[in-house]
Amino acid sequence: MEWRDQGILLSQRPHGETSAIIEVLTPAHGRHAGVVRGGGGRRMAAVLQPGAQLDLTWRARLEDHIGTFTLEPVKSRAAAVLGDRFALAGLSAMLSLAAFSLPEREPVPALYARTVALADHLGADEWALAYLRWEMELLDELGFGLDLTRCAATGSREDLAYVSPRTGRAVSRDGAGDWASRLLPLPPALLGQGPATPKELVQGFRLTGHFLDTRLAPALGDRPVPAARARFVALLARQSA
């Protein structure tokens, strides 16, 4: 068995004395693991950095074997996060969440393209909002998407301000009534209404975090959402305080 593809490095871990097992996200083969011979050595350390873009060839005797990767670097993104704590935390959150949640060996070409685009623009203006929308797309890709098109109570498309924590559907101010305090705030930026303030970004990540914790994680065997995401949101909250 053999294929060739490009991919973004999600994670790596030591394997034996000199090798490494890496996980990559590719357009045609989804999240895929394999062994890199010599991947634990000093020469490969600069190549196998989180978020690196790699040209990959995977080989295995049988399709269900873990197989081995040979690879060539295409782009390093390490320089984009050196000295930028916020960008580093965001990259770590995105990569760890992708590794945690995406099904193994199932292509997700649209989400792959969005992931690469985010990695290419680390630290740019509005990056945090783009990452928040990536989490929304991730939930949608995995069958837990939110319905922000109209109010669940009144059917109105106007003045949507909340999301039901139970159904994931938007609710207008009029539709919320006395239940507003029990609903999750819906940042206007998620409806395409202008840039997000730092406070709205925190609200947005608490919104997606609720559904990551209560819908996605239980569907994956109740494993906790990676701590890297919580660290990123905490850092964002401190910056917006």
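## Strands and the model

Two strands are taken to pair if DSSP finds at least two bridges between them, and strands (E, at least two residues) and helices (H or I, at least four) are DSSP runs numbered from the N terminus. The model is predicted, so that local features need pLDDT of at least 70 and side-chain atom pairs count only at pLDDT 80 or more, while totals for chains, interfaces and linings use all residues. Residues are numbered from 1 along each chain as its sequence is written, and side-chain values use heavy atoms, with hydrogens and water left out.

## The hairpin and its neighbour

Strand β6 (residues 160–163) runs antiparallel to strand β7 (residues 170–172), to which three bridges join it. These two strands form a hairpin with six residues between them, and in the turn Gly-168 has a positive phi of about 75 degrees. Strand β8 (residues 184–185) is also antiparallel to β6, through two bridges. Tyr-162 has Val-171 as its bridge partner in β7 and stands opposite Pro-185 in β8.

## The barrel

Five strands with mixed pairing close into a barrel, in the order β1-β2-β3-β5-β4. From one strand to the next the twist averages 50 degrees, where axes are lines fitted to C-alpha atoms, for helices over the stretch in contact, and angles between N-to-C directions run from 0 to 180 degrees. Strands β3 (residues 30–36) and β5 (residues 68–75) run parallel and are joined by two bridges, with Val-36 opposite Phe-69 in β5.

Helix α3 (residues 85–101) packs on the sheet, touching β1 (2–15), β2 (19–26) and β3, and its direction makes about 105 degrees with that of β1; contact here means heavy atoms within 4.5 Å. Helix α4 (residues 109–120) also packs on the sheet, touching β1, β2, β4 (53–59) and β5, at about 60 degrees to the direction of β1.

## Helix α3 and the cores

Of the 17 residues of α3, 14 are buried, meaning under 20% relative accessible area with a 1.4 Å probe and protein chains only.

A nonpolar core is a set of buried Ala, Val, Leu, Ile, Met, Phe, Trp, Tyr and Cys residues joined through side-chain atoms within 4.5 Å. The largest such core has 62 residues, and among those that touch the most other members are Met-94, Leu-97 and Tyr-131. Helix α3 gives the largest share of this core, 11 residues. Not counting residues up to four places away in sequence, Tyr-131 touches residues including Ala-93, Met-94, Leu-97 and Phe-232. A second, separate core of 15 residues includes Val-47, Leu-48, Leu-56 and Leu-71.

Technical notes: Buried means under 20% relative accessible area, exposed over 50%, partly exposed in between (1.4 Å probe, protein chains only).
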